[in-house]
Every structure is written in C-alpha cells, then in structure tokens.
Amino acid sequence: MTEQTDQANDAFAHPTEVEIARLLDYYGVRWEYEPRSFVLSRSPAGLPTMQFTPDFYLPDHDLYLEITTVRPSLLRRKKLRLRRMQELYPDVRVKLFGLRDLEALLLKYDRSEPTAGGAVGGKAKA
C-alpha cells in the first residue's frame, strides 16, 4: 500500500493515522491498514462479542501498530483489549503508540504539531 496514502485518506479513522502512513511511506516501510480483526470473546452461540483491529500491519516486520490519541486516562480499555489479545494470540506482535508517543514521533520527524489540547493532528507539513 506504499505511496497510496493520499488516495486513501478517506479510509483512515483519524488524521494521525494519515500522518503515520505518510511517515511509513517516506521511509519505504510497507504497510497495510486494518487488514485483520482478532476475536477476543464470543457469545455462547459462538458469535464474536469483542474484537480488536490494529491500525497498521508491517508485513516485513511481522508487527501490528495500534495508534491511539485518547488521553492517557482513557487508555485502560484499550490496554485491557491488548492484554486479552496477547493471551489469545501470543505469537502476534502489537506495538501501542499512545498520545505522548505519537507527539514525540511526529515532532521528531517534523510531520505534525500538537494542538492546543495536546492532541496530535495539527497542520501537516509537506
């Protein structure tokens, strides 16, 4: 999916994901956006009741990336899902990037400025 970021902007759930995709493209890292959902729990009838869909998959690194811009106090639910995923799928590697991680990463690569509220996704720099 490299070099398709600008064409696929509407497919992303959050502007920060667009910036991460552009950063990955810039460095030639192959990626796929939300290619797989992992079932975390099922109803008695066997239907999925909870799933986890990481944002990016890096096939050359066999690594999933989960990008979150929620405040640190709201990360509890996402971390619980990640913990459950690790229990059920121990061979699947997922790296969580929280708000502070994203701000540091995007500022380091001059891709975005934090907004006044601390969220990532300010003006993108070409």
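Y64 touches P35, R36, F38, P54, F56, Y57, V92, R93, V94 and K95, leaving aside residues up to four places away in sequence; contact means heavy atoms within 4.5 Å. The model is predicted: local features need pLDDT of at least 70, side-chain atom pairs count only at pLDDT 80 or more, and totals for chains, interfaces and linings use all residues. Residues are numbered from 1 along each chain as its sequence is written, and side-chain values use heavy atoms, with hydrogens and water left out.

- Y64 lies in strand β5 (residues 63-67); strands are DSSP runs of E, at least two residues, and helices are runs of H or I, at least four, numbered from the N terminus.
- Y64 has a relative accessible area of 9% and is therefore buried (buried means under 20%, exposed over 50%, partly exposed in between, with a 1.4 Å probe and protein chains only).
- Between Y64 and V92 there are 7.9 Å, C-alpha to C-alpha, and the two are 28 residues apart in sequence.

**Positive phi in loops**
- E34, in the loop between β1 (32-33) and β2 (38-42), has a positive phi of about 45° although it is not a glycine.
- E34 counts as partly exposed, at 35% relative accessibility.
- D62, in the loop between β4 (56-58) and β5, is not a glycine either, yet has a positive phi of about 45°.
- D62 counts as partly exposed, at 45% relative accessibility.

**Packing of α1 and α3**
- Helix α1 (residues 15-26) passes helix α3 (residues 99-108) with axes that come within 11 Å and cross at roughly 45°.
- The contact is made by T16, E19, I20 and L23 of α1 and by L102, L105 and L106 of α3.

Key
Axes are lines fitted to C-alpha atoms, for helices over the stretch in contact, and angles run from 0 to 180 degrees between N-to-C directions.
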